[in-house]
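Reader: Please show me the model, and then let me ask on what grounds each structural term has been applied.

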Amino acid sequence: LPQASAVPTLGVRVLLLACACRRSAAGSQPSLSSARTPPVSLRQPSDTCHTIVAPASQHGFPLSHHSKSGKTWYMPVYSSAPLLAPAENVTRAVVYLHGAAGNAIDYFCDAMAVAESLNATEDTLTVAPWFGSEHTVEAKTKQGWDPAFPGSWSPLWWDHSTHEAISWTDGGDSGSTTGAGSHISSFQVLNELVGLLSSMWPQLETIAISGFSAGCQLALRWAFFAQADFGKVRLVVSDCNTYMYNTAERPAESCRPLEDTESGHWCDEFEVPNATEYPPMEYNAYKYGTILEGTRYVDRGYRYLLPFQAASAIERAAAAFYTKDIRFVFGTQDVCNCRDPEFNNSEAFCFPRACAGHCADTFPDGTCHNLVDIRPAAMLQGSNRLQRGLNYAAYLQTKPHPGNRKAPDFFVGGHDDKGFFNSVAFKAWAFGIHLDEAAASEPPNAWRR
């Protein structure tokens, strides 16, 4: 695997290995960082960051969409500098997409710690968009979000009434389905953020979009449907719950056993599922696949996706998607599935002491909650997050431009955004630095098991 000593030219990079869809021999999969190195985690965000730095970093950017009343909507973000006041010394932007908890402030503080560990705070623009709920956004912004914004501007927010309602992860409109709010897609937000960074910060050499968990789902689905210039953009993502396949094939049954298949797992067989057992309108409908026509996504709340109902539109989007620079970093211990009674959960990784010995498939990020999707459409992709991620990376390798892709990399840990951000691979790929420099910046082991 070539070293990532500089940010290379674009092209989706996931170097595929000729492995069977089960455990590979030790050492058969090259990576930037060994899956057997001691687990690490970033230090906990300091109170200073949460109480002083982050409140002073409340910024945002206006959206091009305006309501009939003329109201201007803005996207609230935490950023290390105002997005509308570019600084000449900044040469890279790293955008951090938060998970389902909507904790953009925690991601921002973790991100600042990453930049600090690399001595990169002066030349890095750190951005953490906040896809918050109506109540949390209103409570925050009424206190004054960014004094530079006119009082007539209103913040975007999304429905968070249930875990299933976090529509921002798959391009849903802001506001509620009852009619309140701005109705601007989360995909459009990222389009405009990339457009703003490209135009107002022309000195940027790279724009890295990182997403973990729900943020991973948002990043990948947006990248497929994006209407933005990807000339400087690279995605570095980790531990999605599910993925969007743009054809009818799914991993063969041998590629998705109900157990931990470890980081050496690889799938080389994809097939169209039996239509009687798995109707296409169930397993291949958006957000697991790209079928949109006849689904709830074209009813209301997903206006951005309406032009993509035609097969020709999906084909054009897929052709562009295969050329994009997308890299994966997976947690080697994100292998649990506590909601499926037939899954064989690892005694070593799935029953943390912090959860009183109970099975937990989203630890430590989701504390002791169990959120792995067990719908048939999800289980067709794999039985746990690590297996699903490796299966999807293998699937991409069967598509055009396979020679442009890098092998997925790993961090030792479970469902842990800090482990992801602190990994050698993330630092090398998001910041474009030499591997030895990334490795040297790792803090002492602080694994929370």
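This is a predicted model: local features need pLDDT of at least 70, side-chain atom pairs count only at pLDDT 80 or more; totals for chains, interfaces and linings use all residues.

Author: Residues are numbered from 1 along each chain as its sequence is written, and side-chain values use heavy atoms, with hydrogens and water left out.

Reader: How do you know that C255 and C267 form a disulfide?

Author: A disulfide is a pair of cysteine sulfur atoms within 2.5 Å. The sulfur atoms of C255 and C267 are 2.2 Å apart, and the pair is therefore a disulfide. The angle about its S-S bond is 80 degrees, and the link is right-handed. Both cysteines lie in the loop between β8 (250–251) and β9 (270–271), so the bond ties together parts twelve residues apart in sequence. Helices (H or I, at least four residues) and strands (E, at least two) are DSSP runs, numbered from the N terminus.

Reader: How many disulfides does a search of the whole structure find, and what is the pairing of the bonded cysteines in sequence order?

Author: The search finds six disulfides. With the bonded cysteines of the chain numbered in sequence order, the pairing reads 1-2, 3-4, 5-6, 7-9, 8-11, 10-12. Among them, C336 is joined to C350 at an S to S distance of 2.1 Å, with a left-handed link of -90 degrees about the S-S bond. Another disulfide joins C338 to C359, S to S 2.0 Å, and with -75 degrees this link is left-handed. C338 and C359 are 21 residues apart, each in the loop between β10 and α8.

Reader: Why is C359 called buried, and what makes C338 partly exposed?

Author: Buried means under 20% relative accessible area, exposed over 50%, and partly exposed in between (1.4 Å probe, protein chains only). C359 has 17% and therefore counts as buried. C338 has 21%, so it counts as partly exposed. C255, at 0%, is buried, as is C267 at 2%.

Reader: What makes helix α11 largely enclosed by the rest of the structure?

Author: Eight of the eight residues of α11 (residues 424–431) are buried, so the helix is largely enclosed. K427 and W429 are among the buried residues. G432 follows α11 and has a positive phi, near 65 degrees.

Reader: Which residues touch the most other members of the largest nonpolar core?

Author: A nonpolar core is a set of buried Ala, Val, Leu, Ile, Met, Phe, Trp, Tyr and Cys residues joined through side-chain atoms within 4.5 Å. The largest has 80 residues, of which L197, L220, W222, F225, L235 and F328 touch the most other members. Helix α5 (residues 214–225) gives the most to this core, with nine residues. A second, separate core of 22 residues includes Y107, V236, F421 and A430.

Reader: Which residues make the contact of α4 with α5?

Author: Contact means heavy atoms within 4.5 Å. S186, F187, L190, N191 and V194 of α4 meet L218, R221, W222 and F225 of α5.
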